[in-house]
Amino acid sequence: MSGIFIAIILLTVLALFFGLLLGFAAEKFKVEGDPLVDQLEALLPQTQCGQCGYPGCRPYAEAIANGDKINKCPPGGAATMEKLADMAGVDPEPLTATEEVQIKKVAYIREDECIGCTKCIQACPVDAILGTGKLMHTVITDYCTGCDLCVEPCPVDCIDMLPVTQNIKTWDWKLNAIPVKTIDEDVKC
Amino acid sequence: MAFKIASSPHLSRRFQTSTLMQRVLLCALPGVAVQCYFFGWGTIIQLLLAISVALFCEASVLTLRKRPVLATLKDNSALLTALFIGIAVPPLAPWWLTFLGAMFAIIIVKHLYGGLGHNIFNPAMAAYVMLLISFPVQMTSWVAPSVIAGQPLDILASLQMIFIGGSQLEISAYKMGFDGIAMATPLDTLKTDLAMGLTSTESLTKSIFSDGYGVGWFWVNMAYLAGGLAMIKMKLIRWHISTGLLGALYICASIGFILNPDTHAGPLFHLFSGATMLAAFFIATDPVTAATSVRGRLLFGALIGVLVYVIRTYGGYPDAYAFAILLANLCAPFIDHYMKPRTYGHRSRS
Amino acid sequence: MLTLFEQIDKGTLWRSTGGIHPPERKTLSNRTPIKSLPLADEYVVPLPQVGESAILIVKQGDYVAKGAILTKGTHFGHLPAHAPTSGHVSCIEIRPGNHASGLPVLSCVISADGLDTYDANIHPALSTNEVDQLTDKQLLTKIQQAGIAGLGGAAFPTHIKLSPASDIELVIINGIECEPYITADDMIMREKSDEILNGIAIIHRLLAPKRLIIAIEDNKPEAIEEMQHALNRSSLPKDGVRITSIPTLYPSGGEKQLIQILTGQEVPSGAIPAQLGIVVQNVATAYAINEAIQRNYPLIERVVTVTGDNTQLAGNYWIPIGTPISHVLTQTQFIGGEHDKVIIGGPMMGYALHNDNAPTLKGSNCILLPASDELAPEQKELPCVRCGECAHVCPAQLLPQQLFWHAKAQEYDKATSFNLADCIECGCCTYVCPSEIPLVEYYRIAKSAIKAEAEEKKQAELAKQRFDLRTQRLEDEKRAREEKQKASAARRKSNMSSSDKDAVALAMARIKAKKAAANAEADSASTLSTRSVADTGAENKRKDISAAVARAKAKKAAQKAAATQDDTASNITSSMPETSAPADERQAKIAAAVARAKAKKAGLKPDAADSSTANGSENTGSVNAPVDDKKARIAATVAKAKAKKAAAQLSADEADTSTVSAPVDDKKARIAATIAKAKAKKAAAQLSADEANTSSVSAPVDDKKTRIAATIAKAKAKKAAAQLSADEADTSTVSAPVDDKKARIAAAVAKAKAKKAALKISTNTEHDKD
């Protein structure tokens with residue numbers, strides 16, 4: 001009989017002890033806020049292109065945190081998708097958009113064709129286009145995220161998305177991969 | 001004019017894996033020769049058997065994996081694995097033992113893990129352990145050294161023994177030492193004797209220990225030691241693993257011997273019996289499965305040394321290199337992770 | 001315990017980790033004195049800084065003397081480029097670069113005149129006294145203006161190194177030259193030791209270090225001897241300056257390794273030696289400094305080792321910077337071909353040149369021309385067996401094989417955690433690798449990928465900031481607008497409450513009346529107008545714009561309608577009366593048709609439109625009633641299908657006005673447009689006439705006009721109405737405000753027209769086809 005009591009008391013004591021331990025751990029290692037959204041957002045390419053269906057990268061990060069698919073970010077490509085999957089704790093999925101070769105592109109305005117309508121300026125999510133009404137516009141390529149959003153509104157279709165060219169500073173050292181652009185020997189002035 | 005493009009450096013030492021393996025093989029030869037001298041034709045037959053099976057398996061798997069066969073065979077790694085299997089199995093063990101071992105080593109331990117450079121475990125040792133725990137009887141009946149057995153078996157008798165006569169009954173008969181061809185290894189003998197209550201000194205008076213370390217085994221070890229030192233001299237291997245191993249074994253054995261000389265063999269006995277030198281210079285130093293940094297390698301070797309001593313002294317098996325090396329293999333990534341060298345310009349590893 | 005300086009004075013050397021002993025092969029090129037090459041026809045001076053921190057101060061066709069400055073920069077780190085010889089700037093263009101990537105760079109090409117005339121700024125050597133009188137600032141300016149960069153290979157601007165922020169205690173003059181084959185520093189030390197010592201004296205004066213070590217590898221005994229003699233002859237303090245011989249080991253000539261060997265200290269990761277109070281300068285740099293200070297002679301030539309089995313004249317040469325490599329190859333009897341390598345730099349760290357049109361640079365210390373079997377033959381990469389040799393030879397004490405795994409798997413964050421950034425790319429690991437793995441190549445790719453990733457991250461951060469700012473701004477604007485609206489609404493309310501409500505109704509009535517008047521006047525104006533003034537410049541421009549818009553739209557539509565493109569004009573007309581669902585398709589088709597038509601007659605269009613308009617306006621007088629009727633119907637359909645302008649257009653067609661509708665549409669637009677111009681001239685007279693007419697025409701006209709107004713953009717209508725109400729009081733008498741009003745109406749119409757142009761034109765096209 002006393003054995004049962006001892007067992008009960010022992011278990012109660014143990015339960016109390018572990019309960020206290022858990023409570024203490026919960027206090028001690030409490031995580032402030034929801035860092036998941038921040039972490040997810042940090043993985044997104046910040047093009048603010050809206051191709052995911054959300055108005056910007058932060059809203060999409062929030063949507064992922066709330067259970068949306070992780071494969072809606074074409075600018076990030078497969079690499080970003082995998083990181084998102086890893087962070088969100090879900091399985092990687094193929095991208096929704098048909099995956100083109102992930103070459104970074106930026107917008108260029110063919111300036112002699114620009115009519116100065118300012119529509120692209122309104123469309124640019126990062127204010128990377130300079131210009132005003134009736135005056136020629138131009139893209140600050142350093143700020144351009146290549147989101148494509150300015151191409152559609154242009155009434156005269158004078159915006160091109162051109163791949164960023166490599167220069168000596170951005171060269172990736174892929175000796176075998178680069179198409180070596182050798183300027184013709186007979187280049188003369 | 002456009003020219004050929006290549007990445008720097010444009011110079012190379014021109015010392016390839018195949019050459020390295022080849023040199024290691026050469027350095028192992030003196031030990032193999034001494035072993036053959038003491039244990040007869042059986043060793044050579046097992047070697048040839050292991051080598052042919054290993055090369056065949058390697059070629060088959062490479063074909064299946066659609067890898068270049070000849071080019072890869074030329075790296076001599078399968079040859080080296082086969083060599084270690086051939087000298088590790090008892091010289092008169094039945095042929096299928098070696099066959100299984102070589103196959104297991106090449107197919108399962110090496111190629112299923114991704115081939116050369118990707119295996120976690122030393123193929124030869126993994127195969128040895130597999131054989132040892134699957135066929136303990138066959139694997140522990142070692143041949144008596146020719147000096148004790150008197151007339152060794154000639155080549156035909158050895159062949160017959162290996163390929164035809166290896167029935168269970170006979171083997172166990174040999175094990176019992178009825179006809180004096182087969183007997184336990186010195187370490188096994190010592191272990192049995194200690195278990196029977198003899199002191200180590202008493203045990204070491206037996207004929208098998210006539211030169212203090214076990215007949216034949218001392219010279220085998222000396223030969224491997226010589227080969228190992230040559231390898232270090234030729235920079236085929238670095239000294240760290242071997243030193244760590246022998247040092248740790250010596251220290252452990254010394255401590256045990258000082259504490260209780262009656263139940264422990266001396267440090268030199270440990271160093272020169274069994275497969276100590278072979279393991280220390282040829283097997284533990286297999287780079288694929290060892291730790292890589294300098295300190296990591298010292299630790300890796302020491303770990304093997306300690307494990308060997310512990311298993312030899314307290315474990316159920318007489319010699320323990322295969323187990324010790326496999327266990328250390330398991331720890332290698334862990335050791336590497338915590339034994340990163342301090343990079344130039346970094347004050348501490350934080 | 002000895003202090004560091006005492007140990008240095010004793011000549012103590014510390015052990016550096018790793019390192020290899022590759023075959024040196026220096027005797028190929030150090031047996032003969034330094035020679036010069038004949039002048040090349042043209043020199044190519046790369047100008048990488050131009051466009052970033054510098055501008056070019058010469059232009060095509062300019063004459064430049066040898067040593068003339070070509071660029072000007074404001075940045076502190078700017079190094080001017082100089083003309084390596086006298087001649088004319090034949091062009092400034094993109095030329096193949098002397099870089100591992102082979103990517104082209106902007107270059108200034110100088111065609112040599114063969115005279116090699118010196119620039120006026122270069123003068124005979126100053127005496128020691130004169131040099132002593134220069135201030136430190138003058139010295140640094142001279143060094144900068146001479147364009148002196150580190151000649152060891154990295155080409156870091158020397159004047160920056162010589163004006164450090166902290167105190168310098170130790171200066172190391174690097175004469176190690178540990179790379180195999182290269183003997184340029186060896187030879188310059190043998191031949192120009194006094195000049196080098198003068199340069200060192202200038203460095204010594206600028207930095208005032210406690211100790212100065214000239215470090216030379218012990219495989220150059222002649223150089224050590226020469227330098228020792230020169231040191232004895234020089235004015236440098238004997239107790240603080242010493243020459244130290246270093247055991248031969250690659251890569252002890254690396255800055256970090258040399259510091260470790262000479263002082264036992266390590267340069268902290270990511271830091272520069274100056275943080276330890278140490279500055280390292282190359283011997284050839286010291287020589288260049290002397291030339292710059294004494295003669296004002298800029299860095300326009302350097303000693304280059306040309307060596308290897310593929311040249312028959314191996315040796316060291318004074319080669320002007322900017323000399324095309326092809327010229328050097330020709331002059332040194334290059335016997336290799338396209339299947340051979342041309343290596344700029346040594347065999348360990350040099351890069352293979354893509355094209356011999358590239359010029360030599362300040363950092364090009366060697367042109368290595370190996371025969372195909374001279375260096376390592378190309379080997380297939382074998383699996384890593386983790387032999388660890390790479391870790392043993394790594395001078396940075398990295399774990400190259402771990403880096404390799406991670407770099408290969410593109411796990412760049414892990415590679416970073418193994419300190420990939422501390423790799424100096426010396427190539428020792430690849431040299432010893434028994435599996436022939438091009439480790440350094442993997443590291444370089446990984447490093448540049450990490451750099452690109454960091455750059456991307458920065459970019460993303462920037463984009464986020466800008467996006468947030470923009471969102472903020474838009475919100476602010478919206479709020480401001482709302483507030484303004486609220487304020488004006490409140491004002492209106494207060495106004496309304498104060499005045500009689502009837503006044504509003506009155507005002508409305510007035511607006512209506514005035515609208516009618518305006519329309520009537522517009523109508524009559526159009527009827528009477530002469531078309532001669534219609535085609536003003538502004539009109540043309542608008543047409544251009546609308547044409548451009550139409551073209552763009554057509555392009556887009558053509559893409560959309562690619563599938564249905566085949567069925568064309570006939571389908572379009574036949575399927576007209578269908579409802580909104582297929583309407584889109586139809587629109588697309590119409591647009592496609594426009595595209596086709598547009599491509600042909602974008603230019604012709606205005607003329608065609610003009611002529612049809614002319615017809616229309618002529619007709620107006622006679623067919624006034626039916627036209628009104630038509631217009632009314634058009635307006636009705638427009639009102640119904642306002643959202644889809646194309647549909648409206650189509651329904652106009654549907655009303656079976658196919659022969660007339662286009663001119664009518666056009667006419668309407670035209671009318672409005674003509675108003676603008678015609679009115680400018682004859683406003684007053686017209687107005688009075690209109691007013692007279694108003695009573696007779698008002699009913700139909702009013703109807704018609706309001707509808708037209710409705711078809712025009714609603715916003716416009718509002719604006720116009722406002723305008724009208726303002727002008728209303730003066731309608732009968734005053735011409736100026738009416739002018740104003742008309743101009744506005746015209747503008748509104750024109751804008752609407754610009755929008756609709758495509759559709760109209762499409763109708764025209766259909767019409768033409770019919």
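**Strands, helices and contacts, term by term**

Student: What makes the β2-β7-β6-β4 arrangement in chain C an open sheet?

Tutor: Chain C has 4 strands forming an open sheet in the order β2-β7-β6-β4, with antiparallel pairing. A strand here is a DSSP run of E with at least two residues, a helix is a run of H or I with at least four, and both are numbered from the N terminus. β2 (42–46) and β4 (63–64) of chain C stand at the edges with a single partner strand each, so one side of each has no neighbour in the sheet.

Before we go on: this is a predicted model, where local features need pLDDT of at least 70, side-chain atom pairs count only at pLDDT 80 or more, and totals for chains, interfaces and linings use all residues. Residues are numbered from 1 along each chain as its sequence is written, with chains lettered from A and ligands numbered from 1 in the order in which they are written.

Student: How do you know that β6 and β7 of chain C pair?

Tutor: Pairing requires at least two bridges found by DSSP between the strands. β6 (residues 87–96) and β7 (residues 104–112) of chain C are joined by 9 bridges and run antiparallel, so they meet that definition. One of the bridge pairs is Pro96(C) with Pro104(C) in β7(C).

Student: Why is α1(B) called oblique to α2(B)?

Tutor: In chain B, the axes of helix α1 (residues 17–39) and helix α2 (residues 41–64) come within 6 Å and cross at roughly 130 degrees. The axes are lines fitted to C-alpha atoms, for helices over the stretch in contact, with angles from 0 to 180 degrees between N-to-C directions. Under 35 degrees is roughly parallel, over 145 roughly antiparallel, 65 to 115 roughly perpendicular, and the rest oblique. The crossing of roughly 130 degrees therefore makes α1(B) oblique to α2(B).

Student: Which residues make that helix contact?

Tutor: α1(B) brings Gln35(B), Cys36(B) and Phe39(B), while α2(B) brings Gly42(B), Thr43(B) and Ile44(B). Contact means C-beta atoms, placed from the backbone, within 7 Å.

Student: What makes this contact 3 nonpolar, 3 polar and no charged?

Tutor: Ala, Val, Leu, Ile, Met, Phe, Trp, Tyr, Cys and Pro count as nonpolar, Asp, Glu, Lys and Arg as charged, and the others, Gly among them, as polar. By those classes the α1(B)–α2(B) contact has 3 nonpolar, 3 polar and no charged residues.

Student: How many residues do chains A and C put into their contact?

Tutor: Chain A gives 32 residues and chain C gives 35. The chain A side has 17 nonpolar, 9 polar and 6 charged residues.

Technical notes
Contact = placed C-beta atoms within 7 Å.
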